[in-house]
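Here's a protein model to explore.

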Amino acid sequence: MAFSTGLMKLILVSFCALFLIAGIGIAAVSIWSIADKIFLSHIIGSQLFSVASYFLLIGGIVVVASSILGLIAITRKNRILIIVFFILLLVIFLMLFIGAIMAVVFQGELEDQMQNSMAESLQQKYGARGTENVAATEAWDRVQKELGCCAVRDSDWELYQNTMFFREQQHYEQKKYVPETCCVYDKLIGNYKDVKKCQNFGLGPPDNLQSNIKNNFLYYNGCYASAKTFLEDHSGILVAIGFVFSITMISGLVLTIFYFRRVVHAQNEERKHRYTEEDAAKEARENERL
């Protein structure tokens, strides 16, 4: 019995140590996702990716805290701390599972609403005033520059003519038909190749849409396909983390239950043995008096 309890204790200590490392990893991935990728929520019309990332961040922090608590509870064989540890494991399991489900739902929404939401976001918010609109404009600029694309679908530059960005230029002689982030960016020189010809070519797009002459300074591919692939890859990471650790949590929960039972049994046996020794000593003292 003692050996079995000791072996189970060793397994649980190892589990907590690995879980501590995993919790730090979950928190790191979530922070990276929140800090570097949440801006995409402004253009795709869904906050599920953001919410799932925050869920996993909170889950990662709770994993780290509960792992430390678990190590203390298991090494000290404290029944109350073991119960608290079990409850925390259950909470983590639910949080990670919900976060993973939300990421799966988000992946399903991509096909259904992303293209229309992107077109709506671009036309209604790009270049407009207001905190939300400015955030959407910055998000679009970042996506177009980082992914090397323009607007929503391929050769979709005319969408910009429905934006506040274009309408504010109605009195300009030389209009900018697309923002500079739609222009080909040369990473070697760290700048756009030719912003002026990109934004107003004359011989072809983005202003002369009927011409077959190619504008080599303008991106032709839309951002929908690139952003969709990008988000599917990163939401896939969140899904994998959530489900893998949810399954792992089940083994931790089961082990904790069995270890708790062993600790309770061992403590009861020890208490019973102590009482037996005390009774025997008491009886011996009474016999001596007689």
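This is a predicted model: local features need pLDDT of at least 70, side-chain atom pairs count only at pLDDT 80 or more; totals for chains, interfaces and linings use all residues.

## The overall layout

The protein chain has 8 helices and 2 strands; both are DSSP runs numbered from the N terminus, with at least four residues (H or I) for a helix and at least two (E) for a strand. Residues are numbered from 1 along each chain as its sequence is written, and side-chain values use heavy atoms, with hydrogens and water left out.

Of the 290 residues in the protein chain, 42% are buried (buried is under 20% relative accessible area, exposed is over 50%, and partly exposed is in between, using a 1.4 Å probe and protein chains only). The chain exposes about 15,700 Å², and carbon and sulfur atoms supply 60% of that; the area comes from the Shrake-Rupley method with a 1.4 Å probe.

Now for contacts, meaning heavy atoms within 4.5 Å. Take those between residues at least 6 apart in sequence: 71% of them join residues at least 24 apart.

## Rings that meet

There are 7 aromatic pairs in the structure. Rings of Phe, Tyr and Trp (its six-membered ring) pair if their centres lie within 6.5 Å; planes under 30 degrees apart are stacked, over 60 edge-to-face, and the rest tilted. Why is the pair of Trp157 and Tyr220 edge-to-face? Because their planes are at 90 degrees, with the ring centres 4.9 Å apart. This pair links distant parts of the chain, 63 residues apart: Trp157 is in the loop between helix H5 (131-147) and helix H6 (164-167), and Tyr220 is in the loop between helix H7 (195-199) and helix H8 (223-289). Trp157 is buried at 5% relative accessibility, while Tyr220 is partly exposed at 23%.

Phe166 and Tyr177 make a tilted pair, 5.2 Å centre to centre with 45 degrees between the planes. Both Phe166 and Tyr177 are buried. Elsewhere, ring pairs link Tyr126, Tyr160 and Phe165 into a cluster.

Pro205 and Pro206 are joined by a cis peptide bond, with omega about 15 degrees. You'll find Pro206 in the loop between H7 and H8.

Ala151 has a positive phi, near 60 degrees, despite not being glycine. Ser155 has a positive phi too, near 55 degrees. Buried or partly exposed? Ala151 is buried at 0% relative accessibility, whereas Ser155 is partly exposed at 38%.
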